[in-house]
Amino acid sequence: MAQTRSQRGMEQPGVLVLTPLPGTDGKDIDRIVSKRRRIGPTVVIASKWDAKLLERKEQRPRGWTRIEGVSLPQWRGFADDVTVTLSGLKPGLAKGWTTADGRHGPLPDDARVESGTGDGLVPLVRTADGRILAAYRGDNGYYPSLDRLANVETPGVDDADGDDADSDSGPDMDLHPVILVFEPDLFDNYGLADRQTALLALDILRAAAVDSGSRAVTFDLSLAGLGGRPNLLTLAFEPPFLAATAGLLLTLLAIGWRAFCRFGPPRAAIAGIPPGKTTLVTNSAALIRRAGRLHLLTVPYVDALRERLAQRLGLRRGAGAEQTDPLIDAHLARLHPETVPFSIAAAQLAAAHRPADAVRAAQALHAIEKDLA
């Protein structure tokens with residue numbers, strides 16, 4: 001025997017036992033039963049008792065319950081041609097249960113017995129006064145084991161090979177039975193405490209399993225409010241989420257392909273500060289101008305240019321401006337008499353306070369350096 005909490009477990013071969021709650025949607029039950037007519041037998045056990053868990057302070061083992069009343073199943077949409085009744089007769093009137101072959105046993109509560117009536121029901125278990133406690137649908141199926149248990153003749157089959165099964169009037173060999181248990185005390189713990197009742201429940205399940213060709217018995221827990229949580233990974237590949245999952249996978253595949261086959265070489269990132277001497281000089285000059293320290297640039301430039309010219313003209317290096325400038329002016333006057341003397345241009349650059357004045361004086365000194373070259 002096994003348990004299932006999912007729809008997939010209901011689609012397995014063998015006997016499936018359903019225990020719906022009183023308020024379960026009958027259309028859900030009918031959908032399961034109809035789908036299983038070509039899979040395996042289905043046993044539907046009606047609800048009756050309203051039970052409540054006992055509190056731990058009552059010194060009872062965990063999981064024990066107390067019966068607080070009864071309620072009939074309201075399964076509109078499933079077996080609407082069958083009527084379920086609950087008789088509140090005097091104790092002892094039902095006188096337990098009995099079968100067609102003469103077996104009998106007690107019911108745990110003879111005063112509250114749930115029974116069913118309807119066309120096409122083949123009784124398996126009755127009360128002593130004739131009420132149906134369990135039955136199966138007498139449709140066009142082939143159920144020899146259940147027929148023997150009900151002590152009725154199996155119609156439409158002449159021999160063991162089932163030669164008449166293909167005829168129009170013969171039974172459908174692929175159709176599996178639907179067993180309706182109106183009195184849940186035949187299968188619940190309240191009734192199975194009796195040995196004869198337990199053997200009866202076992203015989204019903206065995207008869208259904210023999211006709212199906214599989215001895216597996218599965219108890220469904222989902223209709224009893226104990227359905228398992230679906231696996232998200234499995235749910236993503238089942239309708240109706242399968243279409244969304246397929247679309248997502250195709251989108252990821254397209255993005256990966258576009259990334260692999262990009263158009264043209266990758267664009268190089270632009271540096272925040274471009275490299276090179278020009279950038280270094282420009283940034284340094286901008287820093288000096290913003291700081292208002294122009295003399296920090298002009299005076300060192302004049303000193304550096306004076307040293308270069310002194311080295312080029314063969315003058316004594318390291319001498320002061322008073323000694324070097326007249327000598328540079330003399331060389332310049334001899335070669336280019338029209339040019340502004342070096343001493344004047346150097347004085348103008350050292351005294352410049354505006355960038356424009358400093359640029360003009362620096363250009364004049366640069367021209368002098370070129371002339372002396």
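Modeller: R103 and D101 form a salt bridge, with their closest N and O atoms 3.5 Å apart; the term covers a side-chain nitrogen of Lys or Arg within 4 Å of a carboxyl oxygen of Asp or Glu. R103 is partly exposed, because its relative accessibility is 23%; here buried means under 20% relative accessible area, exposed over 50%, and partly exposed in between, with a 1.4 Å probe and protein chains only. Please keep in mind that this is a predicted model, where local features need pLDDT of at least 70 and side-chain atom pairs count only at pLDDT 80 or more, while totals for chains, interfaces and linings use all residues. Residues are numbered from 1 along each chain as its sequence is written, and side-chain values use heavy atoms, with hydrogens and water left out.

By this rule there are 16 salt bridges. Another of them joins R131 to D129, at 3.0 Å from N to O. R131 is buried, at 16% relative accessibility, whereas D129 is partly exposed, at 39%.

D303 and R306 also form a salt bridge, with the closest N and O atoms 3.1 Å apart. The two sit three residues apart in helix 10 (residues 295-313), so about one helical turn separates them; helices (H or I, at least four residues) and strands (E, at least two) are DSSP runs numbered from the N terminus. D303 is partly exposed at 38% relative accessibility, and R306 is buried at 10%.

Now to G105, which lies in strand 8 (residues 104-105). G105 is buried, with 10% relative accessibility. Leaving aside residues up to four places away in sequence, G105 touches G96 and W97, a contact being heavy atoms within 4.5 Å.

The whole structure holds four aromatic pairs; rings of Phe, Tyr and Trp (its six-membered ring) pair if their centres lie within 6.5 Å, and planes under 30 degrees apart count as stacked, over 60 as edge-to-face and the rest as tilted. W49 and Y190 have ring centres 5.8 Å apart and planes at 70°, so this pair is edge-to-face. It links distant parts of the chain, with W49 in strand 4 (residues 49-53) and Y190 in helix 4 (residues 189-192), 141 residues apart. W49 is buried at 16% relative accessible area, while Y190 is partly exposed at 39%. Y136 and Y143 form an edge-to-face pair as well, 6.0 Å centre to centre with 90° between the planes. Y136 is buried at 2%, and Y143 is buried at 2%.

Where pLDDT is low, the predicted coordinates should not be read in detail.
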